[in-house]
Amino acid sequence: MTPVATTLHLPRAGTQRRSTSEPPWVRWLLITIALLFLTLFLFVPLIAVFAQGLNKGIGFYLKTLSDPLAWSAIKLTLIAAGISVPLNCVFGVCAAWAIAKFDFRGKNILLTLIDLPFSISPVISGMIYVLVFGAQGWLGLYMNADKPWFPWLAQWLNVHDFHIIFAVPGIVLATIFVTFPFVARELIPLMQAQGRTEEEAARVLGASGWQTFWRVTLPNIKWGLIYGVVLCNARAMGEFGAVSVVSGHIRGETNTIPLHVEILYNEYNFTGAFAVASVLAFLALITLALKLWAERKNAALHAASQ
Amino acid sequence: MAQKLFKSKTRVLPGFRLTLGYTLLYLSLIVLIPLAAVFWKTSLLTWPQFVQVITSPQALAAYRLSFGASLLAALINSVFGLIVAWVLVRYNFFGKKFVDALVDLPFALPTAVAGITLATLYAPNGWIGQFFEPLGIKISFTRLGVLVALTFIGLPFIVRTVQPILEDFEPEIEEAAASLGANRWQVFWRIIFPTLTPALITGFALAFARALGEYGSVVFISSNIPMKTQIVPLLIMTKLEQFDYPGATALAVVMLVFSFVLLLTINVLQWWANRYNATNLS
């Protein structure tokens, strides 16, 4: 079925048929409108980030990036992404395995619930952790209760001045929340499309569950997984709103790269802000390149298997 | 019990209980229980207090701006996104692959970076803003600036939902219409556009939902003046900074309920779009 469709589509790329194409002036008009729109909203901003970051020279640029506060922000961003991406990756694979390889009731509800973090405002995503772990939240109420359950635990928390909000764990949690669906969202449709016949064949031939996963499933979903991880990582490193709510904005301690950009910008150090922002923009370009590469590899893998 | 619930017979593949169990546990810990906290905190307000918070003049002005600007941004993206998708699928021009890859930039670029860049570019002395200044149009630090930021972040949604449908569109259908005497405009309006409608509406809803919750890019380009240029997420943020948690959560509940409705609508739309295309292909 598929090869037939491909050959049918082939001539479209090169030749222009008069009956199903627009007159040249319409074509050029539409291309001009599209490019003008993208120039105003995409190309100029992208160039501007780098131009503004470098407008006081390369020396200032490097000085801004080697500032200890910038370094601690970079370190915290790497920590947050380093924890949240693997956790959401494991979750994504588990969720995709359960949803794509088995039938059970309530599957659509589960899919909608997994999507939830995408449709929630970043500010609300951060706020929910303040409500759970903040001083006026569940954790705060527990630590300050007159007669808490497990008094030893409340005492231990108080003695150790246990903090999640306005500290690193809060930032990590908020990052996990906003990047929650990425890997699962990428893997579920991919694994559903592949069905379960290959895995069933492996099992029948005597492979164990793990062997089936590592040798049959994983090679099939490899590029989809990489794609999901790349997008998840980009969001984890760039998240601003949610992290801004749970971070105490303590310089050198609870500042991520995007928050550092905000601080520099609000201090009217625009060139500095853009210098740090250009690092994130460069990361975004790498993300796009990796995404394209994974897409091509995935398409090639599935074209080869058909 | 479990047997009944999951219609379990003999399964060839292992790990169902483990993976589903972990999925539900992780989902509950990270998403569901923390979300429940919003409703718990709001329930500490009495009904009249709740109504008073969510219908205060400041809140009403913020809803108007958030909903208005998000709708307008999604509309702008529907028009230009359709043109961009059309051009990328149907025409050849220099640098097309590069342009295609860059359409996803708003997904990959952190919102704070987008915010400071757009604010600087569209400021009266900025690269783009300087051309509007003589016309008396100020963009950065006004409602127009909010619109620019929301248009930027919603840009990829329409292009990426419409593009695959256009790519899969069978040229034979157009040829048939043309051979039956339809002109190009008629073929577009009567044959192509109706096929694209479900994808277009889905993309519109996705862009709208994203714009409604957006914070990072807007906070820089808007002057954030209450009643004038303050969007709902910013109002929530302001209340949080003043430690007015019940007020912040009450507004969050309004936004959450709306997001849930929108999410359900999008899922129904996508199901509709898939069905529509499935019948088309068969």
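Which residues in H12(A) meet which residues in H15(A)? The points below take up this contact and other features of the structure, which is a predicted model.

1. The contact of H12(A) with H15(A). On the side of H12(A), the residues are Pro219(A), Asn220(A), Trp223(A), Gly224(A), Ile226(A), Tyr227(A), Val230(A), Leu231(A), Ala234(A) and Met237(A). They meet Leu280(A), Leu283(A), Thr287(A), Leu290(A), Lys291(A), Trp293(A), Ala294(A), Glu295(A), Lys297(A), Asn298(A), Leu301(A) and His302(A) in H15(A). By class, the residues of this contact comprise 14 nonpolar, five polar and three charged.

2. Geometry of that pair. Helix H12 of chain A spans residues 209-238 and helix H15 of chain A spans residues 270-304. The two pack at an angle of about 165 degrees, and their axes are 9 Å apart. Angles over 145 degrees count as roughly antiparallel, and H12(A) and H15(A) are therefore roughly antiparallel to each other. The crossing of H12(A) past H15(A) is left-handed.

3. A further partner of H15(A). Helix H2 of chain A, residues 24-53, packs with H15(A) at an angle of about 135 degrees, with the axes 7 Å apart. H2(A) and H15(A) are therefore oblique to each other. Here too the crossing is left-handed, as H2(A) passes H15(A).

4. Residues joining H2(A) and H15(A). From H2(A), the contact involves Leu46(A), Val49(A), Phe50(A), Gln52(A) and Gly53(A). Their counterparts in H15(A) are Thr271(A), Phe274(A), Ala275(A), Ala277(A), Ser278(A), Ala281(A), Phe282(A) and Leu285(A). The residues of this contact divide into nine nonpolar and four polar, with no charged residue.

5. Aromatic pairing between chains. The count of aromatic pairs over all chains comes to 37. One of them joins Phe104(A) and Phe16(B), whose ring centres are 5.6 Å apart and whose planes stand at 50 degrees, so the pair is tilted. This pair crosses between chains: Phe104(A) lies in the loop between helix H4 (68-101) and helix H5 (107-119) of chain A, and Phe16(B) lies in helix H2 (residues 16-43) of chain B. Phe104(A) counts as buried at 9% relative accessibility, and Phe16(B) is buried with a relative accessible area of 6%.

6. Aromatic pairing within chain B. The rings of Phe107(B) and Phe157(B) have centres 5.0 Å apart and planes at 80 degrees, so the pair is edge-to-face. The pair links distant parts of the chain, with Phe107(B) in helix H6 (residues 105-108) and Phe157(B) in helix H9 (residues 143-168), 50 residues apart. Phe107(B) is partly exposed, with a relative accessible area of 37%, whereas Phe157(B) is buried at 14%.

7. An aromatic cluster. Ring pairs connect Phe240(A), Tyr265(A), Tyr268(A), Phe270(A), Tyr215(B) and Phe220(B) into a cluster.

8. Chain B overall. Chain B has 14 helices and zero strands. Its C-alpha atoms fill a box of roughly 75 × 65 × 35 Å along the principal axes. Of the 282 residues in chain B, 54% are buried. Among contacts in chain B with a separation of 6 or more, 74% are between residues 24 or more positions apart.

Notes. Residues are numbered from 1 along each chain as its sequence is written. Chains are lettered from A and ligands numbered from 1 in the order in which they are written. This is a predicted model: local features need pLDDT of at least 70, side-chain atom pairs count only at pLDDT 80 or more; totals for chains, interfaces and linings use all residues. Side-chain values use heavy atoms; hydrogens and water are left out. Axes are lines fitted to C-alpha atoms, for helices over the stretch in contact, and angles run from 0 to 180 degrees between N-to-C directions. Helices (H or I, at least four residues) and strands (E, at least two) are DSSP runs, numbered from the N terminus. Angles under 35 degrees count as roughly parallel, over 145 as roughly antiparallel, 65 to 115 as roughly perpendicular and the rest as oblique. A crossing is left-handed if the near helix is turned anticlockwise from the far one by less than a right angle, and right-handed if clockwise. Contact means heavy atoms within 4.5 Å. Ala, Val, Leu, Ile, Met, Phe, Trp, Tyr, Cys and Pro count as nonpolar, Asp, Glu, Lys and Arg as charged, and the others, Gly among them, as polar. Rings of Phe, Tyr and Trp (its six-membered ring) pair if their centres lie within 6.5 Å; planes under 30 degrees apart count as stacked, over 60 as edge-to-face and the rest as tilted. Buried means under 20% relative accessible area, exposed over 50%, partly exposed in between (1.4 Å probe, protein chains only).
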